[in-house]
Structures are given as C-alpha cells and as structure tokens.
Amino acid sequence: MSKIEVDTIDKQSGSTLTLGGSGTAVTLASGATQTGFGRTGTVDWNTTPKTATFTAVSGDGFFANTSGGAFNMNLPAGSAGAIVSVADYAETFDSNNLTIVPNGSDKIGSLNENATLDVKGQSVTFIFVDSTQGWINTMDSTSNVRGAPPFICASVSGSGNAITTSGNCKIATFTGPGTFTVNSAAGSAANNVVSYVVVAGGAGGGTGSNVGGQIGGGGGGAGGYREAKSPVTPYTASPLDGYPSAPNRITVSATGFPITVGGGGAGGAQPGPFSAGFPGVVGGNSTFSSITSAGGGKGAAGGPGPNGVGGNGGSGGGAGATNAAGGTGNTPPVSPAQGKNGGCGSNDAGGGGGGATANASSSSPNNGGDGGAGATSSINATPTARAGGGGGGAPTDKGDGGTGGGGAGRESSNGPGSAGTVNTGGGGGGAISSSNCVPTAGGAGGSGIVIIRYKFQ
C-alpha cells in the first residue's frame with residue numbers, strides 16, 4: 001500500500017487531513033486516481049468524438065459528430081450534482097440533430113421528455129438538481145466560435161471557366177454557365193465583399209429590307225453592364241462602378257453561387273428577294289447573386305412598321321429606317337445605368353445600338369449610325385472594353401461598332417452584318433440588301449461574361 005510522505009502533510013486534526021500548505025500545489029502522480037474530492041462545476045472532456053448513440057457518464061464532456069446522421073445521447077441515472085456536457089463537433093446539429101434522452105423517469109427541465117439540440121455549433125451543460133426539475137441546463141452556447149482564414153478560398157465549375165491570379169487577388173472568369181463556390185469565407189468581413197463585372201449578351205442586328213429601295217437594319221444594343229469595385233481589391237474600374245450604392249455590393253458566404261452568362265441574340269434572318277427585313281433577337285441576361293444584367297435590345301428591321309423600332313434592353317437597339325425611334329437602354333432601370341439608348345433611323349439607313357456608356361448615333365441618309373461606346377475596366381488585370389453597341393446598316397457608309405465588341409453594320413454588298421465579339425456583350429451590326437435585291441441577315445450579338453475578383457492573401 002502506498003503511503004503519504006510526512007513532509008507533504010500540512011496539518012492533521014482529528015479526522016481532518018490537510019495536504020499542502022499555502023501556495024503549495026498538490027499533484028497526483030501519473031496513473032494515480034482520486035475519489036471524494038467533489039467537482040467544481042466542470043467536466044473532463046472526452047476528445048474522441050461520438051458518432052452514434054451513446055450513454056453519457058457524469059463528470060464527462062463529449063463531442064458529438066452528427067455529420068453522418070442524427071443520433072441520441074442517453075443521460076446517466078440522475079443524482080444530485082451529476083454533471084454532463086456535450087458540444088457540436090462538426091457544426092451539424094442544425095441538419096442532423098442530437099437528441100438528449102433522460103434515464104427512466106428522470107426529468108429534463110421538469111419534464112420526463114427528450115430534448116433536441118438543433119442549433120449549429122451548439123454546446124450545453126446539464127446538472128442534475130433534484131427529482132422535481134431533474135437535469136437543468138446551466139450553460140448553453142450558440143455563439144459558434146470557430147477559427148476562420150483571413151481571406152476567401154473559392155473554386156469555379158463549368159466548361160471554360162477559370163481562376164487566375166493578379167497580385168493579392170484571384171480573378172474568377174465565367175465565359176459560360178457554372179458555379180462560383182466559396183469553400184471558406186474570410187474571417188474579416190471586409191474581405192468577403194467581392195468585386196464583379198456582369199455583362200449580358202448583346203442583341204442581334206436587324207435585317208435590311210428591299211421593299212421600296214435598299215433600307216438598312218438597326219444595330220443591336222449591347223448587353224447590360226454592371227460593376228462594383230470592392231476597396232480590398234484595387235484595380236481601375238469603369239465609370240459604372242456601383243460600389244457606393246449599398247444594394248450593388250455583394251458579400252459572399254461559404255456557399256455556391258450559380259452563374260448565368262447570357263448568350264448573344266441571333267441577327268435578323270435573311271428573307272427572300274424584294275422582302276421586308278426582320279429584327280434581331282434580344283440578348284440573354286447574365287446573373288451573379290442578386291445582380292442581373294439585362295440582355296441588349298434588338299436591332300430593328302429595315303423598313304416601315306413596328307419591326308422598324310429599336311428594342312429596349314440593357315442598351316437599346318438601333319431603329320430601322322423611316323425615322324423610327326431607337327430602343328431605350330437601362331431597361332429595367334438600375335443605378336448606375338447599365339446601358340444607353342439606341343439611335344434613330346433615317347429613310348434608308350439604320351441607327352446604331354446603344355453601348356454601356358454612350359448613346360448610339362442616329363443614321364443620316366445613306367449613312368448608318370455608329371454603335372455606342374462600351375465600358376473599360378481592369379478587373380481582369382488588363383484594361384478591357386466591353387458592351388459596345390452594333391453599327392447600323394446603310395447603302396453607302398455603314399455604322400461602326402462601338403468600342404467594346406460592337407459589330408459593324410453592312411454596306412451594300414453581299415454578306416450579313418458583323419457579329420458582336422464573343423464574351424463582350426457587344427451588339428451585332430445591322431444589314432442592308434445586296435445589289436441583287438436580296439436582303440442580308442443581321443449580325444449576331446456577342447455573348448456576355450461574368451468576372452469576380454476577390455482577395456486571397
């Protein structure tokens with residue numbers, strides 16, 4: 001039998017044995033145990049996580065890992081002063097609950113019923129008081145304190161989509177549909193505010209007409225252009241930076257964000273000889289989180305009638321001839337405006353399609369209107385113009401496409417209007433009938449793009 005050395009005993013009086021003196025720590029040797037010292041409202045934590053139903057032991061704390069499915073923690077038979085704690089190991093109590101089951105007729109908070117832990121990151125401590133109240137929860141933490149990296153960690157999916165690096169920033173570029181997945185958010189709230197450019201698809205240009213003479217189709221409107229530059233991701237933004245307005249800011253969390261990239265609208269179809277033209281097709285919308293950029297407004301057909309009016313959209317489409325009106329940009333309206341208006345038509349030439357930052361010019365006799373200018377941003381580390389409007393078709397002098405991927409219109413010759421540049425949201429060029437009296441097709445609009453820039457180190 002082990003004995004207590006005399007010099008470790010501070011005082012013995014009757015049946016009371018005092019160990020250690022003031023300022024002296026009493027330490028149990030390795031492998032030794034103690035009984036009868038009582039508890040101080042704390043538990044000894046078992047650091048091997050539980051993954052299935054188990055029975056708790058008084059005096060112990062447990063980590064419950066419910067990531068594989070919900071299960072139970074059975075409480076031991078209650079006795080005054082018994083104490084048990086449990087904590088959410090994998091932050092999964094909200095999806096896979098932990099059920100606390102009392103022993104026999106014991107109670108939890110005065111009721112002989114199970115209790116359910118269903119809050120992410122929850123931890124609780126139960127103490128058995130008496131037969132009236134049974135186990136009472138004395139501590140309940142739902143603050144879910146977890147370590148977090150200082151920066152965003154993200155990935156992308158979808159064919160052709162990629163992440164590149166520029167200094168301390170990552171640039172996620174979507175040229176087609178996919179998902180921007182934030183695998184872990186930043187511990188700093190400021191670093192979770194990302195920069196973005198969202199450009200919709202440009203519209204197709206209108207077909208020329210050869211009814212009552214050669215008449216040019218209008219240029220397609222550029223896709224809507226929206227941008228916000230976060231202060232933590234420095235670069236040169238376009239004049240359309242919407243960050244100062246809170247609704248334009250995107251704060252990401254650890255989840256997936258589906259991305260839509262709008263396709264370019266088809267150009268107006270080619271009809272037979274001595275036929276009226278067809279309008280182009282509107283561009284498709286592009287989306288990221290709460291941000292939607294509207295597809296460009298269709299370029300009008302050459303000739304009279306409702307088809308000669310430019311379509312509304314992110315930027316407005318150019319009108320056909322007969323002095324028709326161009327389409328209205330920034331439809332639906334957002335601030336800053338996502339695009340400008342299309343140009344009016346003249347007797348024989350089409351107006352240009354609106355661009356992100358400038359209205360298109362109207363046509364004049366024999367001369368097509370130029371497409372409106374797009375917006376230039378360095379979000380992808382290189383100054384790049386996007387969302388230029390398409391030029392109008394004309395008998396003599398075609399309209400030029402706007403900077404930022406707008407397609408040029410067509411002069412009197414065989415061939416369609418020029419297409420908008422892929423992944424710029426540029427509008428397609430308007431067309432005009434050929435010398436053999438066959439109207440030619442309008443140019444297709446360019447597809448859109450979504451770019452997300454965030455700080456990673």
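Pro-336 counts as partly exposed, because its relative accessibility is 27%. In this predicted model, Pro-336 sits in the loop between strand E21 and strand E22. Let's start from that loop and then work through the chain as a whole, its cores, its strands and its aromatic rings.

- Setting aside neighbours within four places in sequence, Pro-336 is in contact with Leu-240, Asp-241, Gly-242 and Asn-248.
- Ser-346 also belongs to the loop that runs between strand E21 (291-293) and strand E22 (375-377).
- Is Ser-346 buried or exposed? Ser-346 counts as buried, because its relative accessibility is 5%, and the limit for buried is under 20%.
- With neighbours within four places in sequence again left out, the contacts of Ser-346 are Gly-320, Ala-321, Thr-322, Asn-323, Ser-363, Ser-364 and Pro-365.

**The chain as a whole**

- The chain has 24 strands and 0 helices.
- Of its 457 residues, 47% count as buried.
- Among contacts in the chain with a separation of 6 or more, 59% come from residues 24 or more positions apart.

**Nonpolar cores**

- The largest nonpolar core has 21 residues, and the members that touch the most others are Phe-180, Phe-288 and Ile-452.
- Two or more residues of this core come from each of strand E14 (169-174), strand E15 (178-184), strand E16 (193-199), strand E19 (256-260) and strand E24 (449-455).
- Another core, of 20 residues, lies apart from it; Leu-75, Val-84, Val-86 and Phe-128 are among its members.

**An open five-stranded sheet**

- An open sheet is formed by 5 strands in the order E3-E5-E7-E10-E11, with mixed pairing.
- Its edge strands are strand E3 (44-50) and strand E11 (134-141), each of which pairs on one side only.
- On average, and with direction ignored, neighbouring strands of this sheet are turned by 25° against each other.
- Inside the sheet, strand E7 (residues 83-88) and strand E10 (residues 123-130) run antiparallel and are joined by 5 bridges.
- Across that pairing, Ser-85 stands opposite Thr-125 in E10.

- Which residues of strand E8 (residues 98-101) point which way? Leu-98 and Ile-100 point one way, Thr-99 and Val-101 point the other way, and all are buried.
- Strand E6 (residues 71-74) pairs with E8 in the parallel sense, over 4 bridges.
- Within that pairing, Met-73 has Ile-100 in E8 as its bridge partner.
- E8 is also joined by 3 bridges to strand E9 (residues 115-117), and these two run antiparallel.
- Ile-100 turns up here too, with Ala-115 as its bridge partner in E9.

**Aromatic rings**

- A pair of aromatic rings is described by the distance of the centres and the angle of the planes.
- The structure holds 7 aromatic pairs.
- One of them is tilted: the rings of Trp-45 and Phe-63 have centres 5.0 Å apart and planes at 35°, and a pair is stacked under 30 degrees but edge-to-face over 60.
- This pair links distant parts of the chain, with Trp-45 in strand E3 and Phe-63 in strand E5 (residues 60-64), 18 residues apart.
- Trp-45 counts as partly exposed because its relative accessibility is 40%, and Phe-63 is partly exposed with a relative accessible area of 25%.
- Phe-128 and Trp-135 form an edge-to-face pair, at 5.4 Å centre to centre and with 80° between the planes.
- Both Phe-128 and Trp-135 are buried, and Phe-128 is one of the residues of the 20-residue core.
- One aromatic cluster is made up of Phe-180, Tyr-196, Phe-257, Phe-288 and Tyr-454; of these, Phe-180 and Phe-288 are also among the residues that touch the most other members of the largest nonpolar core.

Technical notes
Residues numbered from 1 in each chain as written. Predicted model: local features only at pLDDT ≥ 70, side-chain atom pairs only at ≥ 80, totals over all residues. Heavy atoms only, no water. Buried < 20%, exposed > 50% of the residue type's maximum accessible area, 1.4 Å probe, protein only. Contact = heavy atoms within 4.5 Å. Core = buried A, V, L, I, M, F, W, Y, C linked by side-chain atoms within 4.5 Å. Pairing = 2+ DSSP bridges. Axes fitted to C-alpha atoms, helices over the stretch in contact; angles between N-to-C directions. Phe/Tyr/Trp six-rings, centres within 6.5 Å; stacked < 30°, edge-to-face > 60°.
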